[in-house]
Amino acid sequence: MPPAVARLYEAVVSLVREYRPAEELVSLETAYQYAVERHGLQLRKSGEPYMIHPLGVAEILASMRMDVPTIQTGLLHDVVEDTDTGIEEIAKRFGDDVARCVNGVTKLSKIDFYSPEDRQAENYRKMLLAMVDDIRVIIVKLADRLHNMRTLDYLTPERQERIAAETLEIYAPIAHRLGMGKMRGELEDLAFRYFDHDAYEEITKALEARRLANEESLHAVQQQVEAELRREGIPARVESRIKRPYSIYQKMKRQKIGVDQVYDLLALRIITDSVKNCYAALGVIHNEWRPVPGRIKDFIAMPRPNLYQALHTSVIGGHGTPFEVQIRTEEMHRVAEEGIAAHWKYKEGKKGPAPDDQRIAWLRHLVEWQREMRDSTDFMSTLKVDLYPDEVYTFSPRGKVVVLPKDATPIDFAYAIHSDVGNTCVGAKVNGRIVNLRYGLRNGDIVEILTQPNHLPSKDWLTVVKTSRARNRIRQVINQAARAQAIDIGEKYLEKEARRLGVALGRISKNDLDRVAGEYGFSKAEDLYAGLGYGRYSARQVLLKAAPDQVPAEAVPEKDSSVASDVVRPVAPAHDPGLVLRVKGSDDLLVYRAKCCNPISGEPIIGYVTRGKGVAVHSRVCSNVQSLLYEAERKIDVEWSRSGSDSFAVKLVIRTDDRPGLLNQLTSVLSQENTNIRSLEARSEAETGEGAIVEMTVDVRDKKQLEKLMGAMRRISGVRDVERLLN
């Protein structure tokens with residue numbers, strides 16, 4: 001056994017003995033020896049023995065003072081996934097508790113899925129379902145992700161960026177929702193380093209440049225606070241810290257400022273013995289320094305949804321420098337750092353929190369809403385929305401609590417109650433008053449939904465609702481109605497084309513139509529009619545496939561097309577090398593970039609068959625795509641046909657300091673890339689009177705060049721933010 005592995009195991013045992021001195025650790029030794037045996041000579045990408053990873057996870061769990069079955073799970077969490085060991089063997093050797101947790105964190109790598117997106121969605125779904133039964137599953141998963149993030153250097157840049165994005169979008173928000181502030185902070189900072197390396201370097205260099213000055217300032221303030229608290233007889237310990245890099249980055253993005261404009265980098269934390277002394281300490285701080293209006297927050301009286309409690313205030317220190325002060329008790333501090341793990345007790349077989357534990361109420365709602373959602377894209381978008389920390393707590397007239405995302409509408413509330421209530425919703429009362437269905441609900445609102453039998457949701461609701469549950473239900477109803485209409489149109493279209501070509505439609509059997517439907521990937525003729533009605537397929541092609549002996553020779557097209565070239569009119573000869581966008585399988589159809597998002601070469605795109613205008617191509621991140629594509633049959637595969645020397649006009653907005661020479665530096669970046677400037681306008685910032693705004697339209701070849709330009713501009717001293725306008 002390598003010495004490094006043995007030393008790390010001893011460190012884990014030492015940590016466990018600190019908080020469980022009387023507990024027999026034979027079961028931990030057994031799990032360790034079994035993991036060593038199963039992982040054998042496996043190595044990590046760094047060349048280290050693979051056991052370094054499970055031991056690293058176990059060490060993180062031990063530092064969180066978790067129980068022995070949880071630490072056993074940390075040691076064994078990759079055994080089923082990475083070796084030929086079955087979950088039944090784990091249950092037999094280590095018991096059902098450990099087996100359940102190991103199974104919950106094991107990815108579904110041995111099951112075939114249609115796409116990587118489907119696999120990812122099912123892995124998350126499995127993990128969330130396991131969390132409801134035993135919260136230790138996600139605690140182990142978070143420890144696993146934290147150790148992987150600490151050792152991410154040895155992966156390719158593409159994998160680093162993908163894992164970092166996943167960490168910021170999924171795992172850090174889960175840690176936040178569970179109140180695990182320490183875990184969340186480290187995950188965010190580690191992921192930030194790989195997700196936007198240039199911004200990370202800029203911020204860390206700025207922090208390092210100010211480090212000595214910040215430390216001296218904090219030390220002086222800390223000593224002064226300690227002296228004032230002692231004078232008032234308030235027992236407390238005072239900690240100082242500098243704002244985390246990712247937190248600085250978020251503020252820069254939110255306020256459109258540069259790192260030099262982030263002034264509240266410094267913070268103090270006062271930890272005392274009682275709630276009474278928390279408020280007394282707040283009085284001491286405000287007596288000594290002037291508070292910043294609007295920045296005093298009482299999370300003791302009104303805890304956050306994840307049960308975080310503290311008093312927050314921002315004050316103006318010496319030399320006019322603002323700093324933040326957080327005040328909490330020892331118990332509040334433990335909960336803020338460790339969250340749900342701080343209260344975890346595993347006695348008498350208890351595996352999970354009480355049914356009404358506020359920290360996982362969001363999870364119970366999420367799992368309940370996801371049970372019937374099979375589409376992986378919808379599932380992932382729902383997951384990311386529901387992990388968003390801001391929520392509102394609303395009530396039905398009978399007192400039922402309905403938790404919704406911030407700015408949710410009465411329509412979201414109606415669908416949260418029941419699909420039938422949402423579908424038949426015609427109005428709403430909030431706190432006894434009639435409100436518009438676009439009204440943004442607030443904490444404490446009492447909502448009464450007004451319904452009308454046989455009423456159907458409006459397509460406009462798709463742009464209003466905030467929850468994926470409501471959006472999916474609305475789409476289903478609208479799609480059913482649109483599909484029925486499309487089937488009717490498709491049948492009439494086929495009949496009309498048959499008459500024009502002199503084809504006897506009555507001689508075409510249902511079996512023939514079902515066979516043609518199968519060639520287009522459908523299971524029955526009804527689906528084929530719907531495709532015709534939506535304009536995806538040509539009636540002439542369908543007739544040619546169903547009754548080739550009846551279609552006149554002069555009506556037969558030169559090539560077989562999967563898309564109706566007589567529905568979407570041709571724009572250029574087939575295989576024209578000048579085409580930049582095209583429908584997959586066809587080169588001669590009218591395809592154009594949607595003005596709402598102006599996609600550029602290299603961006604993921606999606607096609608939408610419009611009625612009579614051709615195929616509109618949107619960026620997949622376009623805000624209009626989700627509302628447009630409720631009619632799934634009108635979605636069509638499109639692709640960039642070539643990159644070549646084509647250029648795309650892109651509008652950029654750059655927020656900067658107002659200083660001489662900066663505009664010249666911006667244009668120099670464009671000149672170095674041989675990029676044409678179509679227009680440029682610079683003006684002073686009207687709202688604040690500080691800084692300037694530069695708007696320019698430039699030609700770029702593709703997404704890669706645009707990202708390179710924007711990155712180079714952000715690195716210019718004085719540039720606060722660079723943003724692309726989509727229209």
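Modeller: I will start with helix H15, whose buried residues are covered by a set of elements that includes helix H11 (181-195), strand E1 (236-242), strand E2 (266-272), helix H14 (275-288) and strand E6 (322-329). This is a predicted model, and what follows should be read as a description of that prediction. The residues of H15 (residues 330-338) that are buried are Met332, His333, Val335 and Ala336. Viewed down the axis of H15, these buried residues fall within an arc of 165 degrees, so they line one face of the helix. After H15 comes Gly339, which has a positive phi, near 60 degrees.

The largest nonpolar core has 100 residues, of which Leu55, Ile71, Leu76, Ile90, Ile139, Val225 and Ile270 touch the most other members. Helix H12 (residues 197-231) supplies the largest share of this core, with 9 residues. If neighbours within four places in sequence are set aside, Ile139 is in contact with Leu61, Met64, Met66, Ile340 and Ala341.

In one of them, the ring centres of Phe192 and Tyr200 are 5.6 Å apart and the planes stand at 80 degrees, so the pair is edge-to-face. Both Phe192 and Tyr200 are buried, and together with Tyr246 and Tyr249 they form one aromatic cluster.

Next comes a sheet of strands. An open sheet is formed by 3 strands in the order E10-E9-E11, with antiparallel pairing. Strand E10 (433-435) and strand E11 (447-451) are at the edges and have a single partner strand each, so one side of each is left without a neighbour in the sheet. From one strand to the next, the twist averages 35 degrees. The antiparallel pairing of strand E9 (residues 425-430) with E11 extends over 5 bridges, and Gly427 has Leu450 in E11 as its bridge partner. Helix H18 (residues 410-417) lies across E9, E10 and E11, and it runs at about 80 degrees to E11.

Most residues other than glycine have a negative phi. Asn431, which is found in the loop between E9 and E10, is not a glycine and yet has a positive phi of about 55 degrees; Asn431 is also partly exposed, with a relative accessible area of 46%. Asn454, in the loop between E11 and helix H20 (468-501), likewise has a positive phi, near 70 degrees, in a residue other than glycine. Its relative accessible area is 79%, so Asn454 counts as exposed.

Strand E21 (residues 719-725) is mostly covered, with 5 of its 7 residues buried. Strand E18 (residues 648-656) is joined to E21 by 6 bridges, and the two run antiparallel, with Ile654 standing opposite Val722 in E21.

Note on methods:
Residues are numbered from 1 along each chain as its sequence is written. This is a predicted model: local features need pLDDT of at least 70, side-chain atom pairs count only at pLDDT 80 or more; totals for chains, interfaces and linings use all residues. Side-chain values use heavy atoms; hydrogens and water are left out. Rings of Phe, Tyr and Trp (its six-membered ring) pair if their centres lie within 6.5 Å; planes under 30 degrees apart count as stacked, over 60 as edge-to-face and the rest as tilted. Buried means under 20% relative accessible area, exposed over 50%, partly exposed in between (1.4 Å probe, protein chains only). Helices (H or I, at least four residues) and strands (E, at least two) are DSSP runs, numbered from the N terminus. The arc is that of the directions from the helix axis to the C-beta atoms. Contact means heavy atoms within 4.5 Å. A nonpolar core is a set of buried Ala, Val, Leu, Ile, Met, Phe, Trp, Tyr and Cys residues joined through side-chain atoms within 4.5 Å. Two strands pair if DSSP finds at least two bridges between them. Axes are lines fitted to C-alpha atoms, for helices over the stretch in contact, and angles run from 0 to 180 degrees between N-to-C directions.
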